[in-house]
Amino acid sequence: MAQRLQRSAGALSSAALARMETDLPWIADLDAQDRSTIGLVLQSGIAGFVEWYRDPGEIPVRAEVFGAAPTAFAGVVSLEQTVALVRLSIEVVEQNIVDIVSAEDLPEIRSAIDSYAREIAFATAEVYARAAEQRGAWDARLETLLVDSVLRAPAERSDDELSSRASALGWSAEGYVTTVVGRIDDGDDLGPVRHFAREKGLDCLCAVQGHRLVVILGGVRDDGTPAPDIATTFADGPVVIGPVVPGLAEAGHSANAAFAGLRVIGSWPGAPRPVRADELLPERALDGDADARTDLVERVYGHLDEDPVVLETVCTYLEHGSSME
């Protein structure tokens, strides 16, 4: 019986290819190379069944059917389309097998078809799982590199390249941007962070640096909301929010302020969680943060200097130990 199947493999493949063209309309939308790839996989599946029937358990189904280019196949055809393709192939074999084997052999061959179909199902799941895993690993690495690029000084990066990489990860470049930093425990994943961003309609880039989690949020409002709500997704400990900036290219300034705030947060035992980096300007300035000193001069001293009487009053107040008397 195995020899009869071997002689009929070509006819079964031809029948399956013909059915594929008529019953699966999405095939016509593919280019010639992709259709050729699918045809090869289809033929390999039928030929693999014949070999597997000769010696079940010895033929690695995944390598036999998808071995030529499993990753490329997963990139061309969706999982749903692959399931339809496998189902069609099994139907073609079952319909034509009655003309190939004798009536007494039909129960055995149909049982073999069912067993092989299960092997194909597991092989298909493995192919798509590996493709998704590789794609996820690549996306995670690209995201980490992108966050690292954002944190670097503008002179050390190309903003065009930054935008291109961000777009590849789904960054929409709409709305204001802020950075949130805090702790992450070993074994924690980024699922809650990404879920929060999706629920709020925000863009999100994440990177783990040791026990520190850096989250860049895009699409926030000019006051930073709803970024503070993300603090619940961080591990226990302080969470600092950097200032709001116009876009991703300026997110490094927000991140630097958040990092500076995280360094000095211990000097404010009663600090809220999360705390804005701008609420820690005095502590940051005393810690040597030049940006914090500049902000204090511009936001505080600059306004005092506009009125000499107010400035003299404040100076006198501070010179006398902050005594109203």
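**Reading cores and a pocket**

In this predicted model, Trp26 touches Ile38, Val77 and Gln81, leaving out residues up to four places away in sequence.

Colleague: Which residues have the most contacts inside the largest nonpolar core?

Modeller: The general idea comes first: in soluble globular proteins, nonpolar side chains tend to be buried together. Here the largest nonpolar core has 27 residues, and Trp26 is among those with the most contacts inside it, along with Met20, Leu24, Ile27, Ile38, Phe49 and Ile109. At least two residues of this core come from each of α1 (2–23), α2 (32–54), α5 (79–97) and α6 (106–151).

Colleague: What does the second, separate core include?

Modeller: That one has 26 residues, including Leu146, Val177, Leu248 and Ala257.

Colleague: Now a single residue. Is Thr179 buried or exposed?

Modeller: Buried means under 20% relative accessible area. Thr179 has 0%, so this residue counts as buried. Thr179 sits in strand β1 (residues 176–183). Setting aside neighbours within four places in sequence, its contacts include Val214, Val215, Ile216, Val240, Ile241 and Ala258.

Colleague: And pockets? Which residues lie nearest the centre of the second largest pocket?

Modeller: Those are Ser163, Trp171, Ala173, Leu248 and Ala249, out of 17 lining residues. The elements giving two or more residues to that lining are α7 (159–168) and β3 (212–220), with α7 supplying the largest share, 5 residues. The space in the second largest pocket is about 170 Å³.

Colleague: How many residues of that lining are nonpolar, polar and charged?

Modeller: The lining of the second largest pocket splits into 8 nonpolar, 6 polar and 3 charged residues.

Methods
Residues numbered from 1 in each chain as written. Predicted model: local features only at pLDDT ≥ 70, side-chain atom pairs only at ≥ 80, totals over all residues. Heavy atoms only, no water. 1 Å grid on protein atoms, 1.4 Å probe; cavity = no way out; pocket = protein on both sides within 12 Å on 5 of 7 lines; lining within 4 Å. Points joined across faces, edges and corners; volume = space filled by probe spheres on them. Helix = DSSP H or I, 4+ residues; strand = E, 2+ residues; numbered from the N terminus. Nonpolar A, V, L, I, M, F, W, Y, C, P; charged D, E, K, R; others polar. Core = buried A, V, L, I, M, F, W, Y, C linked by side-chain atoms within 4.5 Å. Buried < 20%, exposed > 50% of the residue type's maximum accessible area, 1.4 Å probe, protein only. Contact = heavy atoms within 4.5 Å.
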